[in-house]
Amino acid sequence: MKRRTNIKPVLGLLLLAGLAFAFYWFALRQPPEEEVIAGRIAKLCEAADRAENESQNSGLLKAASMRGFFTPQVTLRWPEYGYSGEVDVAEIIQGFTATRQYYSRARFAVSELNISVTAPDIADADFVLGIEGHGRDGTFSDARIVHSTWYKVDGTWRIGRASVQPIIGF
């Protein structure tokens, strides 16, 4: 008498093992949230940069792209520019666009970046924002300390609170 083997359970186990491996591989390929936020900060700096021969339309497009980096209502403390409370993103973009007109070029860079994810959809990022460029009054170099709280909104990290302070003695 010939013994008959049923192949369906073996195929089922192989399929289950394949799905488990695919999930495990996908989970490992996802960058840590800290890297995602660091990348968003770098992209925000790129959007804020102003090239020497940048057209006005390009500047407006960059300013409009900044909307995606903030929650609709941002709590912003930046005493130097008169921000001290809840601000609409449109107001931030308008102020940024107006300020940008005074510079023929500007470059923003982040250093001393420290990011900590405090909950699945909340993170704090502290960093020094360096600004170098050329304005109407000549070349300038400046730095600010930024503390920001990021919220994951619709799967994207966005700034919900920020405090910008000058570095004393810079």
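Is T71 buried or exposed?

1. With 9% relative accessibility, T71 counts as buried, a word that stands for under 20% relative accessible area, while exposed means over 50% and partly exposed lies in between (1.4 Å probe, protein chains only). This is a predicted model, in which local features need pLDDT of at least 70 and side-chain atom pairs count only at pLDDT 80 or more, whereas totals for chains, interfaces and linings use all residues. Residues are numbered from 1 along each chain as its sequence is written, and side-chain values use heavy atoms, with hydrogens and water left out.

2. T71 belongs to strand β1, residues 70–78; helices (H or I, at least four residues) and strands (E, at least two) are DSSP runs, numbered from the N terminus. A polar atom of the T71 side chain lies 2.9 Å from the backbone oxygen of Q73. When neighbours within four places in sequence are left aside, T71 is in contact with V89, V153, R158, I159 and G160, where contact means heavy atoms within 4.5 Å.

3. I92, which sits in helix α4 (residues 89–100), also deserves a look, and at 11% relative accessibility I92 counts as buried. Leaving aside neighbours within four places in sequence, I92 is in contact with F70, V74, L76, Y83 and V87. The C-alpha atoms of I92 and A63 are separated by 9.5 Å, and these two residues are 29 residues apart along the chain.

4. Two aromatic pairs are found when the whole structure is searched; rings of Phe, Tyr and Trp (its six-membered ring) pair if their centres lie within 6.5 Å, and planes under 30 degrees apart count as stacked, over 60 as edge-to-face and the rest as tilted. W78 and Y81 form an edge-to-face pair, with 4.9 Å from centre to centre and 80° between the planes. W78 is partly exposed at a relative accessible area of 24%, and Y81 is partly exposed at 44%.

5. The rings of Y103 and F140 have centres 4.9 Å apart and planes at 50°, so this pair is tilted. Because Y103 lies in strand β3 (residues 103–119) and F140 in strand β5 (residues 138–153), the pair ties together parts that are 37 residues apart in sequence. Y103 counts as partly exposed at 25% relative accessibility, and F140 counts as partly exposed at 22%.

6. A last point concerns L14, which has its place in helix α1 (residues 8–29) and, at 57% relative accessibility, counts as exposed.

How values were computed:
A polar contact is a pair of N or O atoms within 3.5 Å; within protein, one must be able to donate a hydrogen and the other to accept it, and residues adjacent in sequence count only if both atoms are side-chain atoms.
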